[in-house]
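Open your viewer and keep the selection tool ready.

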Amino acid sequence: MQKLSIQGGNQLRGEVRISGAKNAALPIMCASLLTPETLRLTNLPDLHDVGTMRKLLQQMGVSADSVPGEVTFKGDKVDNWEAPYDMVKTMRAAILVLGPLVARFGDARVSLPGGCAIGSRPVDLHIKGLQAMGAEITIEHGYIHAKAKRLKGARIFFDIVSVTGTENLMMAAVLADGVTLLENAAREPEVVDLADCLRSMGAKISGDGSDTITITGVEKLHGATHRIMPDRIESGTFLVAAAATGGCITLRETRADILETVLEKLGEAGAKIRVEGDSIHLEMNRRPKSVNVRTAPHPAFPTDMQAQFMALNCIAEGSAMVVETIFENRFMHVQELRRLGAHIDVEGNTSVVRGVDHLEGATVMATDLRASACLVIAGLVAQGETVIDRIYHLDRGYERIESKLSELGANICRVK
Ligand code: EPZ
């Protein structure tokens with residue numbers, strides 16, 4: 001089991017290049033199932049989850065030729081329409097092959113993803129939407145089996161805003177017969193990036209980025225080349241780390257328009273932020289001020305940045321409320337932060353963080369991807385050594401995080 005060891009106290013200074021977005025790459029890789037032609041993806045991040053998704057597609061028969069940061073997929077020999085449990089259990093995003101498989105082949109067997117650390121995370125909305133489009137779905141022995149001669153356009157209303165639910169049904173609809181309306185759809189930038197990629201393949205989609213998306217089905221899609229958008233959560237994570245350490249950093253190859261609420265909160269905390277093209281510059285020359293955070297679907301504050309801001313609030317001036325409205329169990333980092341000396345009270349989906357003037361290094365355990373990032377930020381500011389265990393969670397969503405942080409001056413290394 002690998003660990004990270006961090007000696008706290010260094011300010012982060014310098015420049016860092018932001019990688020392609022994990023949560024755009026995963027659905028867009030599944031779009032390769034929608035055409036027999038080649039789909040060339042550039043700016044793909046080198047992440048564990050991207051590797052898992054590539055292996056899943058390959059075992060279905062999609063060819064995938066990769067050079068660093070780029071993969072060319074070709075779905076002309078797809079002959080296995082199944083996503084097995086042993087792959088789905090390690091990466092829930094595997095559910096995103098369901099829509100494309102039913103759309104192109106009329107048949108799919110996808111293991112029900114189990115729950116995960118942050119919540120039960122059902123996929124009932126994915127299933128309900130496919131049924132509305134005429135798919136016959138049976139669930140037995142832990143597998144979703146979906147069949148359809150040809151999906152039909154339908155009007156689908158999401159009771160709850162679901163990012164991958166919106167993405168799965170968008171991909172199902174692009175080859176359906178007729179028009180599909182996705183209402184109360186997710187507005188995340190990664191949904192728009194998927195729509196951009198599908199349009200470059202010949203799909204007819206409009207309204208992505210709003211809560212109503214219209215898809216007019218076409219007979220078939222052709223190949224394309226698509227550059228994956230920058231990762232807004234990686235961007236936000238580095239900005240919070242720089243703010244927490246009182247540093248001064250510049251993010252390269254990112255976008256500020258997809259991070260507005262995060263930049264606003266960092267400004268409230270006292271950071272000086274400047275945006276220039278695809279760069280974001282942050283300078284923090286004071287102790288952060290506590291900021292209240294309430295997560296909600298985009299364009300509100302992203303749940304994937306909640307844990308990182310919790311870490312910032314731990315050492316900020318004053319007290320703050322952190323409210324998690326998306327997932328039912330996304331405060332597992334609280335216990336670990338308390339081990340470092342944080343003062344946090346939790347009541348249901350609300351945490352109250354009282355800032356302390358310093359944290360003390362300790363051994364802590366990562367429980368999920370963004371909780372791990374939160375513990376890295378806490379370790380960067382804690383006095384002495386912090387050792388973070390189970391960092392495989394971190395590797396799922398951050399490319400070379402310890403080398404990027406070392407290049408910014410952090411005293412961090414990976415230990416066996
Ligand atoms: C996506 O997960 C992201 N993952 C998550 O990022 C992110 O936290 C989440 O969206 C919310 O923004 C990917 O894009 C691969 P949801 P997703 O469906 O799509 C409930 C990370 O750290 N729901 O938007 O699985 C669900 O339980 C990960 O990168 C249903 O009830 O999330 C949750 O409470 C973590 N039924 C809420 O909706 C369904 O059928 C939002 O979930 C689907 C979802």
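Where is the place of T295? Select T295: its place is in the loop between β18 (293-294) and α10 (306-314). Helices (H or I, at least four residues) and strands (E, at least two) are DSSP runs, numbered from the N terminus.

Before going on, note that this is a predicted model, where local features need pLDDT of at least 70, side-chain atom pairs count only at pLDDT 80 or more, and totals for chains, interfaces and linings use all residues. Residues are numbered from 1 along each chain as its sequence is written, and side-chain values use heavy atoms, leaving out hydrogens and water.

**Stop 1: around T295**

Is T295 buried or exposed? T295 is buried, at a relative accessible area of 0%. Buried means under 20% relative accessible area, exposed means over 50%, and partly exposed is in between (1.4 Å probe, protein chains only).

The side chains of T295 and E324 are joined by a polar contact of 3.2 Å. A polar contact is a pair of N or O atoms within 3.5 Å; within protein, one must be able to donate a hydrogen and the other to accept it, and residues adjacent in sequence count only if both atoms are side-chain atoms.

Set aside the neighbours of T295 within four places in sequence. T295 is then in contact (heavy atoms within 4.5 Å) with residues including F301, Q306, V323 and I326.

Stay in this loop and pick P299, which is also found between β18 and α10. The peptide bond from H298 to P299 is cis, with omega near 10°.

**Stop 2: the ligand**

Select the ligand. How many residues surround the ligand? There are 20, and the closest are L125, S162, T164, D304 and I326.

Next, show the helices. α1 (22-30), α5 (124-132), α6 (163-173) and α12 (369-381) each supply at least two shell residues. The largest share, three residues, comes from α5.

A polar side-chain atom of K22 lies 2.9 Å from one. At P122, a polar backbone atom is 3.3 Å from a ligand oxygen. Taken alone, the ligand exposes 830 Å², and the protein buries 89% of that. Areas come from the Shrake-Rupley method with a 1.4 Å probe; for residues, only the protein chains shown count as cover.

**Stop 3: the cores**

Select V97, L151, M170 and L198. In the largest nonpolar core, of 80 residues, these touch the most other members. α1 gives the most to this core, with six residues. Such a core is a set of buried Ala, Val, Leu, Ile, Met, Phe, Trp, Tyr and Cys residues joined through side-chain atoms within 4.5 Å.

**Stop 4: two positive phi angles**

Go to N43, in the loop between β3 (38-42) and α2 (48-60). Its phi is near 60°, a positive value in a residue other than glycine. N43 is buried, at 9% relative accessible area.

Finish at R390, in the loop between β23 (385-389) and α13 (392-397). R390 has a positive phi of about 55° although it is not a glycine. R390 counts as partly exposed, at 32% relative accessibility.

Methods. A residue is near a molecule or strand if one of its heavy atoms lies within 4 Å of it.
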